[in-house]
Amino acid sequence: AEYMGTLVPTSQITVARLAALPLYNMDTDPMGGGPGGAPNPLASEWPAAAARLRSEFTEANLVVIASSVNNGIVAPGLVNAISWASRKSEAGHNPLGGKTVALMSAGGMSMKTVIGQLEHAGSFFKWNIVPNPVMVSISKFNRETGDVADPEVEAEVGELMKALVATTVKEEGKEKTEQ
């Protein structure tokens with residue numbers, strides 16, 4: 001994730017840290033479980049790690065979602081993060097809603113399946129998904145450092161990041177025209 005951030009000309013790169021997130025549970029979601037969509041009487045505020053993640057997504061102009069393949073599905077930690085980040089606030093705001101998103105998958109034979117699952121989630125959240133997601137065999141990474149160890153993969157990731165920036169600029173221009 002840090003490597004991809006070096007390819008985007010921006011003043012700030014935030015890498016979401018998912019390890020501290022509690023497992024999503026409607027009982028700890030301030031907007032989940034209330035009758036008729038009302039706030040949850042069991043939880044008055046978001047867990048701290050979930051609140052931080054939601055804030056990071058709210059502030060993000062560009063989003064890169066990268067998932068390893070885990071038994072043929074999206075990594076469970078990422079599913080958990082999407083569950084927390086996509087919940088609407090009291091004001092009806094979804095921190096992941098309507099974002100421009102680039103997708104990547106690393107792993108083995110099920111990478112297309114994982115990308116398809118993320119694209120499906122994106123249709124639900126109205127993501128503007130950048131075409132041509134990157135799928136990288138785990139063998140293309142340096143196992144000691146986690147860095148990409150293949151110039152072709154570096155170029156492919158670089159092209160995805162350029163497309164992400166170009167798509168975001170295009171979408172921002174469209175929004176200004178519509179206002």
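How exposed is Lys-140, and what does Lys-140 count as? At 32% relative accessibility, Lys-140 counts as partly exposed; the cut-offs are under 20% relative accessible area for buried, over 50% for exposed and in between for partly exposed (1.4 Å probe, protein chains only). Keep in mind that this is a predicted model, where local features need pLDDT of at least 70 and side-chain atom pairs count only at pLDDT 80 or more, while totals for chains, interfaces and linings use all residues. Residues are numbered from 1 along each chain as its sequence is written, and side-chain values use heavy atoms, with hydrogens and water left out.

**Salt bridges**

- The count comes to 3 salt bridges, each being a side-chain nitrogen of Lys or Arg within 4 Å of a carboxyl oxygen of Asp or Glu.
- Lys-140 pairs up with Asp-150 at 3.1 Å, N to O. Both sit in the loop between S5 and helix H5 (151-178), so this bridge ties together parts that are 10 residues apart in sequence. Asp-150 counts as buried, at 13% relative accessibility.
- Asp-29 and Arg-87 meet at 2.6 Å, N to O. This pair links distant parts of the chain, 58 residues apart: Asp-29 is in the loop between helix H1 (2-5) and helix H2 (48-59), and Arg-87 is in the loop between H3 and S3.
- Asp-29 is buried at 0% relative accessibility, whereas Arg-87 is partly exposed at 27%.
- Glu-159 bridges to Lys-162, with the closest N and O atoms 3.5 Å apart. Both lie in helix H5, 3 residues apart, about one turn of the helix. Glu-159 is partly exposed at 49%, and Lys-162 is exposed at 56%.

**Helix H4**

- H4 (residues 111-124) has 14 residues and reaches 20 Å from its first C-alpha to its last, close to the 20 Å expected at 1.5 Å a residue. That expected span is 1.5 Å times one less than the number of residues. Helices here are DSSP runs (H or I, at least four residues), and strands are E runs of at least two, numbered from the N terminus.
- Met-111, Val-114, Ile-115, Leu-118, Ala-121 and Gly-122 are the buried ones in H4. They cover an arc of only 120° around the axis, which puts them on the same side of H4; the arc is that of the directions from the helix axis to the C-beta atoms.
- Turned away from that buried side is a face with the exposed residues Lys-112, His-120, Ser-123 and Phe-124.
- Packing partners of the buried residues include helix H3 (76-85) and strand S3 (100-107), with contact meaning heavy atoms within 4.5 Å.
- After H4 comes Lys-126, with a positive phi near 60°.
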